[in-house]
Each structure stands twice: as C-alpha cells, then as structure tokens.
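Visitor: I'd like a close look at one part of this model. Please pick a region and walk me through how it is put together.

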Amino acid sequence: MGTHPAMDHAKTPPRSASGFGDGLDQPTLSGAAALGHVVRPNAIDVSHGTILYLEDVTVSFGGFRALNKLSLTVDAGELRCVIGPNGAGKTTMMDVITGKTSPDAGKVYLGQSIDLTRLNEPQIAQTGIGRKFQKPTVFEQHPVWENLELAMKADKRWWASLRARLDRAAQARIEHTLEVIRLESEARRLAGELSHGQKQRLEIGMLLMQQPALLLLDEPAAGMTDDETMELAVLLNRLRGTCSMMVVEHDMEFVAALAGETGRVTVMAEGRVLAEGSLDHVKRDEAVIESYLGR
Ligand SMILES: Nc1ncnc2c1ncn2[C@@H]1O[C@H](COP(=O)(O)OP(=O)(O)OP(=O)(O)O)[C@@H](O)[C@H]1O
Ligand SMILES: [Mg+2]
C-alpha cells in the first residue's frame, strides 16, 4: 500500500509528475494490464502492483454516512471477496468506483494514475471496469451467441477494428468466451430460455467480451441453486489472471470457494473496513463475529 502516489497527502505532486496522470489522456502500458488485452488508449498503470486504490472515501446521504473513510486496495490480478452485513456500504462502494455516486471526500484510483473521481460513468466503463449487477441483464430475444457479439460491438475500440463485420478473430473470441462460461452447447438458444444461473454466466461472458481489467460483481450468486453457485465459483476461479475481480457476496460457501485458504477477504461494516485477511483469519476476528457472522 505504501507505493501508491495517491497516498502522499503532504505533497500532492502536480498532475504530470511521478506517475500522477490526469485521467484519460496519459497512456501508460505496463504489467498485467498489458497481458492478453488489446492495447488500450488508456491502459492502466499497475507497475506498483495495485489495480484499485481507495483512501478515506466518504459518501453521505443526508446526514447518514454510507461510506465512512473507507480505505482499501486490490492488487492487480487479485480476486477479492468483500463480505459484510446489509447496509455496510458494499454496493455504495461499487457505485463510487463506477462513477454512479460521487464521493464527498477521498481518493479513488484505478492503477497508479487514473483518478476515477474525475471521470463520469461512461468514461470509467471505457477505462476497463466492468460491473455485474445482481439481476442478469441479457438480451432475452437474442441467441446466446448474438448476446456476446452485441456486447463486443458495444466496445467502441473493437467496433472500430471490426468495421461492422464479424471477422475471424472476433468469432474466435466469442467461441473462447462461450467455453469459459460453459455455454457452448447453448450458443444458438435464445438467452430468454436459459436458467437463472446460465443467464448470470452469459452476462459475465458479455462483460468479458469487453476485456475488462477489473470486474466488479455484486452478489452474483444470489438466487442461484447450490450447483449453479459452485459452477459460478469454478468460472470465476478460471478467470484469475485474465482480469482482477472484486466480488461482494453473502454466501459463505461461495466465498470460501473463491478465497481458498490464502485469498484476502475484506469485511465491511458501517461504511468502512472492519477486518481483512484470509477467510480463516476474518472468521476468528471478534469484531466480525460480533457484527456479522454471529456466534
Ligand atoms: N441513494 C441512497 N440514498 C439514501 N441512502 C442510501 C442510498 N444508497 C444506499 N443508501 C444507504 O446506505 C447504506 C449502505 O447501503 P449499501 O446498499 O451500500 O449496503 P450493502 O452493503 O450493499 O448492503 P446489502 O448487503 O444489503 O446489499 C444503507 O443504509 C442504505 O440504506
Ligand atoms: Mg448491496
């Protein structure tokens, strides 16, 4: 955490100095963001190992602080699970990261140099942050394959290179994504005919078509059967290395499947981080037991 330029309160450098970019127009390409991705005009600088950096982020609704000096960082390539009681501010945090909600105070950075508080929602989406909401939003009247195709075309960078036709590289990407989300055999079916779990996987596939650097998933397992939940855990585990992820979830078995023994889990409560560490570690934390897990 000590290497992020945004940490330097005392002498905030001028925008062009020491890695402090000015939003979208300072391209830097390095580290994991460069791997397996098309070269983005606004590539993310993860040279210090951090993909997401939040410091003292505060959001007030009236007099109520939904986020109260929330600070956390996510490493490039990490799959971070975030848990915590209802109303802890987990969704609000994702709203801040994606630009849906502006923080009253605090720093929100993507990599070293992209100050997300200076960008609006569409600009943030263009930086490579994908967000999965709880309810699947797929084009029900279109086949699975077309859903992926439409998602890819929504990405302007690809649209330009596609020149409005589905070339072989694009087809290969759709096929690869179908394999990742395990919907190869459903490719020609209408999305509306899929089960809830399959729709959720399709929506993740649609996000993947845009090659996100950071994927935010808010309760992706909600409403799923146990089998669907475990299949989703397998899918997200397979995405490791493709993109960084932040997963908010209440289902502890799902969290355990994602975090394993060593993955970092963040526990939020009352708008801030209550505890952080391995699942085993946070489960034994007195404050966590008190406010969330119970005895
Ligand atoms: N637009 C808003 N206006 C007023 N209060 C809000 C708004 N959005 C969220 N809140 C409040 O902020 C607090 C945090 O809500 P948030 O949805 O972020 O919690 P959460 O951790 O995602 O909870 P859950 O696990 O139930 O999804 C809640 O008390 C909520 O009522
Ligand atoms: Mg929520």
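Guide: Gladly! One definition first: a residue is buried if 20 or more other C-beta atoms lie within 10 Å of its own, exposed if 12 or fewer, and partly exposed in between, with C-beta atoms placed from the backbone. The model is predicted, with local features needing pLDDT of at least 70 and side-chain atom pairs pLDDT 80 or more, while totals for chains, interfaces and linings use all residues. Residues count from 1 along each chain as its sequence is written, and chains are lettered from A and ligands numbered from 1 in the order written.

The protein chain has ten helices and ten strands (DSSP runs numbered from the N terminus, H or I of at least four residues for helices and E of at least two for strands). Of its 295 residues, 42% are buried.

Six strands lie in the order 6-7-8-3-9-10, and their pairing is mixed (a pair needs at least two DSSP bridges). Strand 6 and strand 10 form the edges, each pairing on one side only. From one strand to the next, the twist averages 20°.

Strand 6 runs parallel to strand 7, and four bridges join the two. Ile129 sits opposite Leu214 in strand 7, and Gly130 has Leu215 of strand 7 across from it. Although strand 6 is an edge strand, both its faces are covered: Ile129 and Arg131 are buried on one side, Gly130 and Lys132 on the other.

Strand 9 (residues 265–269) and strand 10 (residues 272–277) run antiparallel, joined by five bridges. Here Val267 faces Ala275 in strand 10. Two residues separate the strands of this hairpin, and Glu270 takes a positive phi near 50° there.

Helix 8 (residues 252–259) lies across strand 3, strand 8 and strand 9, at about 155° to strand 3.

Helix 6 also belongs in this picture. Eleven of its 13 residues are buried, so the word for this helix is mostly covered. Among the buried ones are Leu202, Ile204, Met206, Leu207 and Leu208, along with Lys199, Arg201 and Glu203. Their cover includes two strands of the sheet, strand 6 (129–132) and strand 7 (214–218). Helix 3 (144–153), helix 5 (168–180) and helix 7 (226–238) are also part of that cover.

Finally, look at the loops on either side of helix 6. Most residues other than glycine have a negative phi. Arg182, in the loop between helix 5 and helix 6, has a positive phi of about 55° without being a glycine. Arg182 counts as partly exposed because it has 15 C-beta neighbours inside 10 Å. Gln211 lies in the loop between helix 6 and strand 7; its phi is positive too, at about 50°, and it is not a glycine either. With 19 C-beta neighbours inside 10 Å, Gln211 is likewise partly exposed.

Terms used:
Contact = placed C-beta atoms within 7 Å. Axes fitted to C-alpha atoms, helices over the stretch in contact; angles between N-to-C directions.
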